[in-house]
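Subject: Structure for your review

Dear colleague,

Please find below the structure that I am handing over to you. My notes on what was found in it follow.

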Amino acid sequence: MLEILTSILVRTVVAGTPLLLGTMGEVVTERAGILNLGIEGMMSFGAVTGFIVTFTTGNPWLGMMAAIIAGALISLIHAFVTVSLRANQVVSGLALTMLGIGLSGLWGKPYIGRPLSVKMHAIEIPFLSKIPILGKVLFYQDAYFYLSVGLGILVWFVMKHTKVGITVRSVGENPKAAETMGINVTMVKYLCVMIGGAFAGMAGAHLSTAYSKSWIEGMTSGRGWIVIALTIFALWEPSKAFIGAYVFGGIFVIQYVLQPLGISPNLLAMLPYLTTLGVLLFYGLSSKGQRKMSAPATLGEPYIRGSR
Amino acid sequence: MSFVIIPREKATPLLNFMILISSLCAGLLAVGIVFLLKGVNPFFAIHEIFRASFGSFFGFKETLTKAVPLILIGSGLALAYKAKFWNIGAESQLLVGAIFGTWIGLNWGPSLPGFIILPLMFAGGFIGGGLWGLLPAIFKIKFGINEVISTLMLNYIAAEFVKFLVVGPWKGKTKYGYPYTDDLPAQAVLQHMGNSRVSLVLIILAVCVALFLAFLVFRTRFGYEIRVIGENPEAARYAGINFFRTTLIMMFIGGGVAGLAGVGELSSIHLHLSYPETISAGYGFTAIIVAWLGRLHPGFTIFSGLFFAGIIVGGDAIQMSMGMPATTVNVFNGLILIFLIMGDFFINHKVRYQRRVS
Amino acid sequence: MERIEILEMKDITKSFIGVKANQDVNLVIEKGDILGLLGENGAGKTTLMNVLYGLYHPDKGHIIVNGKPLYLRSPKDSMKAGIGMIHQHFMLVQKHTVLENIALGFDEAPFFFPQRYMRKQIEEYSQKFGLNVDPNKKIWELSAGEQQRVEILKTLIRNADLLIMDEPTSVLTPQEAEELFDILRKMINNGHSVILISHKLEEITSICNRVMVMRKGKVTGTALIKDVSKVDLARMMIGRELSGSLEKKEVKPGKPMLEVSNLSVNSDQGLPIVQNLGFNVLWGEIFGIAGVSGNGQREMVEAITGLRKSVTGSVSLEGKDITNLTARDIHNRGISHVPEERIKFGTVANLPFFENSVLKKHHKTPFSNRMLMNYPNIRDHAKNLVAKYNVDAASISVPVKNLSGGNIQKLILGREISSEPNLLIAAHPTYGLDVGAAEFIRKELINCRDRGGSVLLVSEDLEELFQVCDRIAVMFEGRIMGIVDPNNCNIDGIGLMMAGLEQQNQGENI
């Protein structure tokens, strides 16, 4: 029994890791006032890049780096189109999703069905990993897990306790006020979009080089969209993103736990999406005001310099 | 030295058209670069795509077949996007329409003649897709839920539900080992022209729907109100327009026509419900660009739908002949859409090169 | 850093497309001065200050500080030179704490934990100038007065010597205004100087030591406060000889058309902005509402036309209660509305002229039946509007965004008048229009009255009100200060009422 519980928790944490990474990135992007719906595409692109680089070099760390760079680069398209050309952020994000999925399918084709010989290994933290249950869950995971937690804490700290954090948040809330205080709003927005892309790329690489060790088309299976919903649940706060990510990680795992009970796997597969809708509905009923208060005030609006 | 951006007062239809064509060309150029990086001769690939889709009689028939769902869905999306309601859920509105159509066809089909059962199936599909489309409208206006997320979640839910049906309760008794329902009875199947997969009825239906929606948008009170809501919600408030009612009607129609596309695919091509990827080759997503390329004019989606149907058919062709994966179409879609919205910037703004005066 | 002892602006001229906002303006301010800059809206006060703050570059003229010229390319330069400006709409991030707002973009704040560093600074400055704010509170939790103190702190911590404040008391309660004045006095005792932009005589005379009055982009007078009376200032501000009223038919005003009583309305922020307001508009008269905008006129109009819910009170039309009905119902009962901010509310910029010509009455015959729009009728209607109201449009199919402001206003007015409403409510209908278009619109308002309808005209332009109105009420801070007969009243009295002074029995009371 204890073993089953441990294994569920371990898998929950693993399934939650890409969600956590993606959500952190989207939180940063949206805090600067840019809605990027292209997570699914950027994740996919990161997954294929990470896989190919790991496959060719045999080094999953290089794969991770490549995926981060790939994610940041492809997000640059969104930054250019929405910040410089003031285009509709919803449509641009959709275009980015299509492009990311398309490119990853195109480049990943030769690698379908060829598993990696290496993958990101689990790292055992001495002593701590011997703690019952939690040791296995928290201290005997691969590098992505430790990095995601570390980066998550870093994002939380930077957003809350540094001047950069104040700047980013101000740009999303009131870009005009930031501009009159001498801040380069355009640059901040570009950088935040690229940070979001980098996180999404890394999340993708986790899927293809740590979660599984193969590349399949469509392996992101809607995680990018769940990330966008998670950003709302988290009320745009990095600390709350941790809870959301692992709860949804748990829902991904529960599907497999419940399957032996004879419930249709297809109905179980709906769970993450139903939960997303359910939680949004619940939020809509209970805290419309709070959510409105939390959303960055200029999210999704183009900023035109010098306008009044 | 710097670039100065100034709002453009007015874009003439010619300029509009030129920018549209330039955007398309730039998009194709970008696709060419992607092909080049992949080691494929871009001119050859793009030539192949258009040769396969528009260059032969056989190919063109296939293009017409695929244009039907794109036109139906695209014109419905154009309607929603006119009101700035970002419905990304046409894929599942199509599926729910197909579910309703299947149920009616399988249950009532055997005992009714074709001229009754087919209209019933389409009516059912319209209602099914429409009801599914109402959900995000209610979610948005009553609960403040972003329609992009809700329509996407509904996509996944509907897709899983279809899978559940075809491997579970609706699995056909005659379909050993396959995830299909039974085939529709013969009177519930649309006739094809000659030895093609083209159904004349469907083509007429798609064109009529697109023209009807264009009429709706540009000639009716409802369409007028939709355009005012989309262009200036403040003015809509001033003009006393009821947001909730108008959005509900709009999404019922938008979802409904996607449902028609679902029944069309079912009764003309597949003849049974099967996996969602089979029923719809991503039509719901491609139609987003169809609507955008049609400049959100439901009537223009007849042409943009045909164009993208060609790209899908051509994509399939090079997939077979050059070993490209099916998602190559997504590269086309994504790049063309990006360049289209880039083009919008030049429709609305002029860019001048100016020496900075010190 | 050298402190500002004396700052001069010399021969400042600045024009925007066609309009001279400032013309050869000279201004001097010395250390320890509180200079009042008085004038009606549109007199060029804010433009002048934006030049001083580096937001606008003057076409002509220059700025001299302590005898040395000062070149400003952006607000950053003016901040460095010791000039700080507090805009009428605060530049604050609502959801952030006071600490975070003050730390934003502040070079001296450290990278890590900037909030801690700022806390010390804020305490120091708060004590020195009596600026009490809780640094941990979020801006939205603060009153307008406290928010203003945050803005003042922001500029003081950035070493501003000269503080420009644009209409600082417009958002404050009288008590808060007193507190602000105490703060300003502390500042000048510390060697700072202040420029106060205002249209309120009362506060200029109570806090400033010098005053400069502007009208239509020019300086109409500068003086020491002790040397001038309020009546002098009111005359300098309103100034002009009022031209005679336009020709009107003799219409005997009849029974009340619109009755407003005890009306109270809240602003967007949920604060009371219209308080127990009451007046009647009679059949066959043009009833004017004078006053500087922002005194509740907009909210009052929205409450009457169904765009905003009133808190208390009632509105009735021809004796029938129409309080808080929907906008469409109120329109259907015969009230037409020419909204302020014509582009934002009154038209749909991207739709063609003819579709805009039926906005708000698109649901009525002959423009549509239940389902279909009748475009031939709509086009005819649009063509009639173009002809009858002299609209200069290339065709009735051009998008409205291509029309000039005057033509957009003619479109809206024509649209609203053509249905021969019982009551026309027009808010600032000639604001920003050229002389010809304004004249035309005034004549149309009179035509509307002459054929027996009533008009409620909200305007800041006294000349216009005097030209067209039968009665004029002056509104200040959500209340009616008094009602006067334009043919028999003292302009100074209106000026005083607009600036918040009680009516002193001038003119005829009705």
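Two strands are taken to pair if DSSP finds at least two bridges between them. Helices (H or I, at least four residues) and strands (E, at least two) are DSSP runs, numbered from the N terminus. Residues are numbered from 1 along each chain as its sequence is written, while chains are lettered from A and ligands numbered from 1 in the order in which they are written. Please note that this is a predicted model, in which local features need pLDDT of at least 70, side-chain atom pairs count only at pLDDT 80 or more, and totals for chains, interfaces and linings use all residues.

Strand pair in chain C

Strand 19 (residues 471-476) and strand 20 (residues 479-484) of chain C are antiparallel partners, joined over 5 bridges. Within this pairing, V474(C) has G482(C) of strand 20 as its bridge partner. The two strands of chain C form a hairpin with 2 residues between them, and E477(C) in the turn has a positive phi of about 45 degrees.

Chain C as a whole

Chain C contains 17 helices and 20 strands. Along the principal axes, the C-alpha atoms of chain C fill a box of roughly 70 × 50 × 45 Å. Of the 510 residues in chain C, 50% are buried (20 or more other C-beta atoms within 10 Å of the residue's own, with C-beta atoms placed from the backbone).

Domains of chain C

Chain C is divided into domain 1 (6-238) and domain 2 (256-498), with bounds from an automatic or database domain assignment. Their C-alpha centres lie 35 Å apart. In chain C, 11 residues of domain 1 are in contact with 9 residues of domain 2 (C-beta atoms, placed from the backbone, within 7 Å). Helix 8 (residues 230-238) of chain C gives the largest share of the domain 1 side, 6 residues.

Interface of chains A and B

In chain B, 37 residues are in contact with 40 residues of chain A. On the chain B side, the largest share, 12 residues, comes from helix 14 of chain B.

Yours sincerely

Definitions and conventions: Two residues are in contact if their C-beta atoms, placed from the backbone, lie within 7 Å. A residue is buried if 20 or more other C-beta atoms lie within 10 Å of its own, exposed if 12 or fewer, and partly exposed in between; C-beta atoms are placed from the backbone.
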